[in-house]
Amino acid sequence: MLHLNVNKKYQQFHLNCQVSFQPSIIGIWGPSGSGKTTLLNCISGIEMPDYGSISVNNRILFSSEKNTNVPPEKRRIGYVFQEPLLFPHLNVIQNIKYAQNLAPINYEDEISYCISKFGIKHLLKNKVGTLSGGEQKRVAIIRAIATAPELLLLDEPLNGIDTYSKNQILTYLKSIWTDLNIPILYVSHNKDEILTMTEYTLPIIDGIGQNLVPSSQVISQTLLHSYTKKLQQNSDVNFLQGKIGENTNPDFTTIEINNLEMRIPKIKSSRKQPISIFIPPNQILVTPANPKQVNTQNIYRGEVQKIDHSENTVTILINIGIQLQIIVTKQYFEESKISLKQELFVIIPPSTIIATQT
Amino acid sequence: MFDHHFSALQLSLLVASSATIINIIPAIVIALIITKTNLRGKIILDILISLPLAIPPVAIGFFLLQILGNKSPLSDFLKITLGIDIIFTWQAAAIAAAVTSFPLMVRTIIVSMNSIEKKLELCARTLGANKIKVMITITIPLAYKGIIGGILIGFIRSIGEFGATIIVAGNIVGKTQTIPLAIYSNIQIGQYADVHILILISLAITISSLVAYNLLLRNSLK
C-alpha cells in the first residue's frame with residue numbers, strides 16, 4: 001500500500017496530494033508544470049515535502065509529525081529520471097553493477113532477465129556516450145531495477161525517444177510489473193501512453209492530486225477541471241450528489257440520485273456511502289429516437305426545458321428527474337429537429353461520469 | 001649545467017612535489033565541503049582558504065616564521081617529540097610552498113566540482129549510495145580533470161615560490177636554495193649567465209608538467 005500526503009509550496013505553486021492505493025502500474029497524469037516531477041522527487045527522497053507523510057508497505061519514508069525523513073539511499077525506491085543520467089565514467093554494465101552492489105537484495109536473475117529482454121546484451125561493455133537515446137533509457141531502467149526497489153518511479157520515460165523504440169520500451173515496462181512484480185508509478189503528460197500502460201491514474205492538476213480514476217477517464221477529468229473553472233458562476237451544473245446503491249452488476253457501481261439510478265464504472269465503495277459526480281455536458285448523448293438497439297447503461301427520458309444557442313453549439317436543459325445541461329453541435333441540433341417541451345432520450349455513457357467519494 | 005644548478009633543480013623538484021603531495025587530500029576534501037555540503041560557516045572556510053592569495057607571500061613567510069620559528073609552541077613540540085628543528089630546512093620551504101599554492105589548487109578543483117551535473121549525484125543517491133559514497137564514486141571521478149589541473153597549477157606555483165620560502169627556509173646553497181632563490185642570488189652578484197640557465201631550467205619544468213597534464217587528460221578520455 002502506498003500512502004501519500006505530500007504538501008510542498010514554492011513561490012507560485014502549491015503541491016497538495018493526498019491519496020492511498022495498492023500499487024500496480026499506476027499512471028500520474030497532468031499538464032506540464034502541474035507538479036508531477038515534484039511528487040516523484042518527494043517520494044524518492046531527493047526533495048522534502050513541507051509537511052505530510054509518505055509510506056510504502058507500512059514503512060514510513062517521511063513524516064513531518066514524527067520528524068522522520070529516510071534518506072534516498074535507504075528508501076528502496078527505484079527512480080528513472082527524465083534524462084537517463086548514466087554515469088559517464090562507467091560503461092553500461094558498470095552502471096548497472098553500481099546499483100546492484102549497493103542493493104540490499106541481489107537482483108542478479110532479474111537483471112539478467114532484463115538485459116536479455118531489453119536487448120542490450122551486446123552493449124554491456126560500451127561507453128555510455130556511444131549509446132542512442134533509447135538504449136540509454138533502457139540501461140537507466142535496468143539500473144533502477146538493480147536497486148531491488150519496492151516501487152519504481154518512471155518520469156516521462158518515453159521523452160525524446162523515437163516511435164519505434166517507444167513501443168518496444170512500453171512492452172518492456174509492462175513486463176517489469178507482470179514478470180518481476182515491481183509496481184510502477186508512471187508519470188506522463190501524454191494521455192495515450194497513460195492509456196496503454198495503466199488501468200488507474202492519479203491526475204494532478206495545478207498541484208492538486210485527485211483521487212485515482214480509471215485511466216480512460218483521465219480525459220474527462222481534465223474537462224472537469226476546465227468546466228469547474230468556466231462554470232464558476234453557475235457551479236452546480238451537472239454536479240450531482242447521490243449515494244451508493246445496491247450492487248446488481250459486477251462491472252458497475254450503481255448510484256442513486258434522488259430516485260434516479262445511474263451506473264458508473266466499478267469503484268471501491270460501500271452501500272449508502274455519499275458520492276458526488278460530474279457529467280461533462282458534451283459527453284451526454286440526446287436523441288429523439290428510442291435507442292433500443294444501443295446496448296448501454298444509463299438511458300433516460302426527459303423533457304427539454306430550455307435551449308440556448310451559441311456560435312457552434314447549442315446548450316439544452318433537460319429534466320430526467322434531475323436537471324442536466326447538455327451541449328450538442330449546431331449541426332446535430334438541427335438534424336435532430338430538437339424543440340422546446342419535446343421528449344428526448346438521454347444516454348450517459350458510464351465511462352464519462354466522474355465520481356468523487358466524499 | 002653545473003653542480004650548483006643541479007642542486008637547485010633537485011631542491012625545487014623536492015620542495016614543489018612535497019608541497020603538492022601534502023596539499024592533494026586537504027584540497028579535495030575542502031573542495032567537497034564547499035561544493036557538496038550544507039555546512040554552516042562554509043563561506044568563512046571559503047574566505048580562509050583564499051586568504052593566502054590576498055596576502056603578500058613575504059607576509060605569509062613572516063607568519064610561518066612566527067608559527068614554526070624558535071621558541072614557538074609548535075617548534076618546541078617538534079623539537080621535543082621528533083627532535084627536529086624545522087626552520088631553515090627544505091621541509092620549511094615545502095610548507096611555505098604548500099601554503100601559498102593551496103588556494104589555487106582548491107579553486108581549480110571547486111570549479112570542476114561545481115560543473116558536475118547535480119542530478120547525476122542525486123541519481124546516485126537513489127541508487128543506494130550515501131553522501132560520502134557519492135563523493136568518492138561520482139564526484140571525484142567526474143572532477144578528475146579539475147583535480148589533475150589543480151595539482152598541476154599547485155605544482156607550478158610551488159616551483160616559482162620565492163617570498164615565503166626565503167623567510168622561513170633562508171637561502172642556503174645545497175640545502176634550501178631552490179631555483180627562484182638561486183636566480184635572486186645570482187642577480188645580486190651579477191652572474192647573468194647563471195640566471196639565464198636557471199630561467200631555462202624552470203621553463204623546462206613548467207613545460208614538461210603541462211605536457212604530462214595533457215597526456216594524462218588524453219588517456220582519461222580514451
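The domain bounds used here come from an automatic or database domain assignment. For chain A, that assignment gives domain 1, residues 2–215, and domain 2, residues 231–357. The C-alpha centres of domain 1 of chain A and domain 2 of chain A lie 38 Å apart. The structure in question is a predicted model, and every value in this account has been computed from that model.

Chain A contains eight helices and 22 strands. Its C-alpha trace spans about 75 × 45 × 45 Å along the principal axes. Chain A has 358 residues, of which 38% count as buried. If one considers the contacts in chain A with a separation of 6 or more, 67% of them are made by residues 24 or more positions apart.

Chain B has 11 helices and zero strands. Read from the N terminus on, its elements run α-α-α-α-α-α-α-α-α-α-α. The C-alpha trace of chain B spans about 65 × 45 × 30 Å along its principal axes. Among the 222 residues of chain B, 40% count as buried. For the contacts in chain B with a separation of 6 or more, the share that comes from residues 24 or more positions apart is 76%.

A residue is called buried if 20 or more other C-beta atoms lie within 10 Å of its own. The residues of helix 1 of chain A that are buried are Lys36(A), Thr38(A), Leu39(A), Leu40(A), Asn41(A), Cys42(A), Ile43(A) and Ser44(A). Just after this helix comes Gly45(A), which takes a positive phi of about 100°.

Two loops of chain A deserve attention next. Asn57(A) lies in the loop between strand 4 (51–56) and strand 5 of chain A. Although Asn57(A) is not a glycine, its phi is positive, at about 50°. Is this residue buried or exposed? Asn57(A) is exposed, because 12 other C-beta atoms lie within 10 Å, and a residue with 12 or fewer is placed in that class. Glu65(A) counts as exposed because it has 9 C-beta neighbours inside 10 Å. Between Glu65(A) and Ile327(A) there is a separation of 262 residues in sequence and, from C-alpha to C-alpha, of 48 Å in space.

A sheet in chain A may be considered next. In general, the strands of a sheet pair through backbone hydrogen bonds, either parallel or antiparallel. An open sheet of five strands in chain A has the order 17-21-18-19-20, and its pairing is antiparallel. Which strands form the edges of this sheet? The edge strands are strand 17 (285–287) and strand 20 (323–329) of chain A, each of which pairs on one side only. From one strand to the next, the twist averages 45°. Strand 19 of chain A, residues 313–319, pairs with strand 20 of chain A in the antiparallel sense over seven bridges. Val314(A) has Val328(A), in strand 20 of chain A, as its bridge partner.

Phe88(B) is found in the loop between helix 4 (73–81) and helix 5 (90–114) of chain B. Phi of Phe88(B) is near 60°, a positive value in a residue other than glycine. Phe88(B) has 17 C-beta neighbours inside 10 Å, and therefore it counts as partly exposed.

Definitions and conventions: Residues numbered from 1 in each chain as written. Chains lettered and ligands numbered in written order. Predicted model: local features only at pLDDT ≥ 70, side-chain atom pairs only at ≥ 80, totals over all residues. Helix = DSSP H or I, 4+ residues; strand = E, 2+ residues; numbered from the N terminus. Pairing = 2+ DSSP bridges. Axes fitted to C-alpha atoms, helices over the stretch in contact; angles between N-to-C directions. Contact = placed C-beta atoms within 7 Å.
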